[in-house]
Amino acid sequence: MDDVKRCPRCHSDEVLPIAYGVPTPKMVGESIAGRMTLGGRVAWPGAPDWRCVVCGHEWRDDEAGS
């Protein structure tokens with residue numbers, strides 16, 4: 001259980017990875033199923049990797065708290 005991602009703001013384990021790029025049918029399906037979120041067509045320097053379902057906070061893997 002050490003690999004469970006947690007929100008650094010509210011500590012919830014209800015977090016989703018954020019995917020960038022033109023969404024494929026599989027990506028859309030995963031997003032609809034609630035297993036990931038779509039971040040847009042273009043990722044930028046500093047773009048977040050994770051989104052908390054509970055509080056909406058977004059963060060990068062290299063930021064504190066995971």
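**Briefing: salt bridges, sheet, cysteines and rings**

Arg51 and Glu58 are joined by a salt bridge (a side-chain nitrogen of Lys or Arg within 4 Å of a carboxyl oxygen of Asp or Glu), and their closest N and O atoms are 3.6 Å apart. This is a predicted model, in which local features need pLDDT of at least 70 and side-chain atom pairs count only at pLDDT 80 or more, while totals for chains, interfaces and linings use all residues. Residues are numbered from 1 along each chain as its sequence is written, and side-chain values use heavy atoms, with hydrogens and water left out.

**Salt bridges**

- The structure holds 4 salt bridges, including the one between Arg51 and Glu58.
- On the scale used here (buried under 20% relative accessible area, exposed over 50%, partly exposed in between, with a 1.4 Å probe and protein chains only), Arg51 is partly exposed at 31%, and Glu58 is partly exposed at 38%.
- Another salt bridge links Arg35 with Glu30, whose closest N and O atoms are 3.0 Å apart; Glu30 is partly exposed, with a relative accessibility of 23%.
- Arg60 forms a salt bridge with Asp62 at a closest N and O distance of 3.5 Å; Arg60 counts as partly exposed at 24% relative accessibility, whereas Asp62, at 61%, counts as exposed.

**The sheet**

- An open sheet with mixed pairing is formed by 4 strands in the order S2-S1-S3-S4, where strands are DSSP runs (E, at least two residues) numbered from the N terminus and two strands pair if DSSP finds at least two bridges between them.
- Strand S2 (37–40) and strand S4 (58–59) stand at the edges with a single partner strand each, so one side of each has no neighbour in the sheet.
- Strand S3, which covers residues 50–52, pairs with S4 in the antiparallel sense over 2 bridges, and Trp50 stands opposite Trp59 in S4.

**Cysteines**

- The structure holds 0 disulfides, a disulfide being a pair of cysteine sulfur atoms within 2.5 Å.
- The cysteine sulfur closest to that of Cys7 belongs to Cys55 and is 3.7 Å away, which is too far for a bond; Cys7 itself is buried, at 1% relative accessibility.
- Cys10 is likewise in no disulfide, and its nearest cysteine sulfur, that of Cys52, is 3.6 Å away; Cys10 is partly exposed, with a relative accessible area of 31%.

**Aromatic rings**

- There is 1 aromatic pair in the structure, by the rule that rings of Phe, Tyr and Trp (its six-membered ring) pair if their centres lie within 6.5 Å, with planes under 30 degrees apart counted as stacked, over 60 as edge-to-face and the rest as tilted.
- The rings of Tyr20 and Trp44 have centres 5.7 Å apart and planes at 80°, so the pair is edge-to-face.
- Because Tyr20 lies in strand S1 (residues 15–20) and Trp44 in the loop between S2 and S3, the pair ties together parts that are 24 residues apart in sequence.
- Tyr20 is partly exposed at 21% relative accessibility, and Trp44 is partly exposed at 44%.

**Nonpolar surface**

- Val28, Ile32 and Leu38 make a nonpolar surface patch of about 270 Å², where patches consist of residues with over 30% relative accessible area and no salt bridge, like charges being joined within 9 Å and nonpolar side chains (Val, Leu, Ile, Met, Phe, Trp, Tyr) within 5 Å.
- Ile32 is found in helix H1 (residues 25–32), a helix being a DSSP run of H or I with at least four residues, and Ile32 counts as exposed at 70% relative accessibility.

How values were computed. Accessible areas come from the Shrake-Rupley method with a 1.4 Å probe; for residues, only the protein chains shown count as cover.
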